[in-house]
Amino acid sequence: MSQALYRKWRPGTWDEVIGQEHIIQTIKNAIHSDKVGHAYLFAGPRGTGKTTTARLLAKAVNCLNEDPTQRPCNQCANCQAIQDARFLDLIEIDAASNTSVEDIRDLRDKINFSPGQGRFKVYIIDEVHMLSTAAFNALLKTLEEPPAHAIFVLATTEIHKIPATVLSRCQRHEFRRIPVKEITAYLKEMCAQEHFTISDDALISIARHSTGCMRDAISLLDQLTSSGVDIDIANVHAVLGTATNQVVLDLLSSIRNDEMGKGLTSLHQSMDAGSDPRQLARQIVDYLRNLLLIKMGNVNQVDDTPEMIKQMQNDSKAFDMADLIRFVKLFNEAASGQTSSNQPGLALELAYAQAALKNQPAPVAAAKEPVKTEALPPTRKATTKDTTQKKIAPVVDTQKKEAHPVNVEPTQEAPTAPVQAGKSADGLTLNTLLEQWRQIRAIVKKHRPATEALLNSCKPLSIKKGVLSLGFASEVLRGRMDQLENTDLARQAIAHLFDADVQIRCVVIKESQNTDNTVTAPDESMLKTVLDLGGKLVPPDANPEK
Ligand SMILES: Nc1ncnc2c1ncn2[C@@H]1O[C@H](COP(=O)(O)OP(=O)(O)OP(=O)(O)O)[C@@H](O)[C@H]1O
Ligand SMILES: [Mg+2]
Ligand SMILES: [Zn+2]
């Protein structure tokens, strides 16, 4: 099997390290003047060159070339040995592994022996923030008085977890995310040498997706080119699961035009097509950040194609600064927040809802807008507030207390045959229902995206005696779903698919009750805001609720 591209392309010289000039220059100067420190801390995001630079440092201090400015030379015996990972004085410890405590003790025991092969023993301790307290203490002892022949390079992605006692003993270098432009240029060079044919916009898209992480960028390129065919932007979208920009642009334009239903639909389509909601949220943040940069007059800092920059300039005019800042915060929360496997899209939906809600016209103005009711099921006209419902029959059900009145009036616009009260749901099991859950959502979505969004954020729990229990992570969501227009629509979709009438009961699941751990309560602050805003998860054109 061929070597992974990112390994093959691990920089062998200082000049090949991209985007970290500030660090490389300092270290190079130290090598040239023979004033290398004894403890370094390399902090920064994953895949930005920390381990690479640490190994270059190990090579340079042990390089046998007589001219310090030529180190590492990559020719001498020591450079070669390090290259081939057979240099005994380079010790790499993975602090995340469960042997790290012994490794650190071993380190302490052996550190005073002189190096065998080279001038310096170099210890690279990766993910150093993962060390246990005991291991940290052991390490600290050695850092306090390192022998002259030892050099430590501690690497971490989470500098805030490093004790101050350790920080104060190290020369600290912060690696930065590599800008899109520099990643793109690097990938382009790589493609030329590897004889890959790939379009420029595809490279930019890869670079943008990798969020400043060169390893990810190279891996994506590797994955895309492994088929051997020429690569264009469509291939990139296919592999990454989303036509990024379009969704992001759609969402923003829906916020701008108060078309929340449209925006949600676009969001769901993208997620249905396999987009990762967090990744999507990240892309939205990137885009919004660019709008902010433009707004502040720093368009030259925006890494993108001329066409996209033009689009961004237009978009930036449509929002004021305060809104953009608010949006960035909301989507950033969705990008970094916890997600559960059952409702990965929830945080993103809520962020979007919050962003869109503030932009909506005030309720009075909204009420004046014509209400579009075509293509919506008749049950929508009956709301829970509507106490004068006609042609409504109570559902025959064993659980009288929870029985909802259900509109049984058939109309042409209904998505399904009307629910026939009393039709048995005995044969319907939870598993069968789950298998068709996507299908149910798809039917519901056609009629009312907001209801589908709610179904997307719940977990079907059980079907007992004709009652389907849906679990929601919060009372807000449960309350939204537990309205006639929502439960009816879901019932009708189920009736359509299974020819069975179920009743729907909406419950809140507490995390502790949730035996199989698939529902996690979403971020409280987000829900609170939705609640504060009166739970207006309903798209403006969807329901004459009030
Ligand atoms: N600044 C960079 N310039 C060029 N290539 C880079 C750079 N950073 C990372 N790479 C590429 O990514 C690969 C992995 O980089 P490296 O191991 O140095 O990352 P890291 O910062 O140590 O990441 P992690 O935190 O995940 O350990 C390298 O082999 C190289 O191909
Ligand atoms: Mg590393
Ligand atoms: Zn050398």
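Colleague: To begin, what percentage of the residues in the protein are buried?

Modeller: Buried residues make up 42% of the 546 residues in the protein, where buried is defined as having 20 or more other C-beta atoms within 10 Å of the residue's own, exposed as having 12 or fewer, and partly exposed as in between, with C-beta atoms placed from the backbone. Please keep in mind that this is a predicted model, in which local features need pLDDT of at least 70 and side-chain atom pairs count only at pLDDT 80 or more, while totals for chains, interfaces and linings use all residues. Residues are numbered from 1 along each chain as its sequence is written, and chains are lettered from A and ligands numbered from 1 in the order in which they are written.

Colleague: How many helices and strands are there?

Modeller: The protein has 24 helices and 10 strands, which are DSSP runs numbered from the N terminus, with helices being H or I of at least four residues and strands being E of at least two.

Colleague: And which residues touch the most other members of the largest nonpolar core?

Modeller: They are Ala281, Ile284, Phe331 and Ala351, in a core of 63 residues; a nonpolar core here is a set of buried Ala, Val, Leu, Ile, Met, Phe, Trp, Tyr and Cys residues joined through C-beta atoms within 7 Å. Helix H17, residues 346-359, gives this core its largest share, 10 residues.

Colleague: Ala281 keeps coming up, so which residues of H14 are buried?

Modeller: Ala281 is one of the buried residues of H14, and others include Leu280, Ile284, Tyr287, Leu288 and Leu291. The 19 residues of this helix, 277-295, should span 27 Å at 1.5 Å a residue, and its end C-alpha atoms are 27 Å apart, which agrees; the expected span is 1.5 Å times one less than the number of residues. Just after H14, Gly297 takes a positive phi of about 85 degrees.

Colleague: Changing topic, which residues are closest to ligand 1?

Modeller: The closest are Arg10, Gly49, Lys50, Thr51 and Thr52, among 23 residues that surround ligand 1, each with its C-beta atom, placed from the backbone, within 6 Å of it. The shell draws at least three residues from each of domain 1 (5-174) and domain 2 (180-240).

Colleague: Where is Asp258, and is it buried or exposed?

Modeller: Asp258 sits in the loop between helix H12 (244-256) and helix H13 (260-272), and it counts as buried because 20 other C-beta atoms lie within 10 Å. Although Asp258 is not a glycine, it has a positive phi of about 55 degrees.

Colleague: Last one: which peptide bond is cis?

Modeller: The peptide bond from Arg71 to Pro72 is cis, with omega near 0 degrees, and Pro72 is found in the loop between H3 and helix H4 (77-83).

Note on methods: Domains from an automatic or database assignment.
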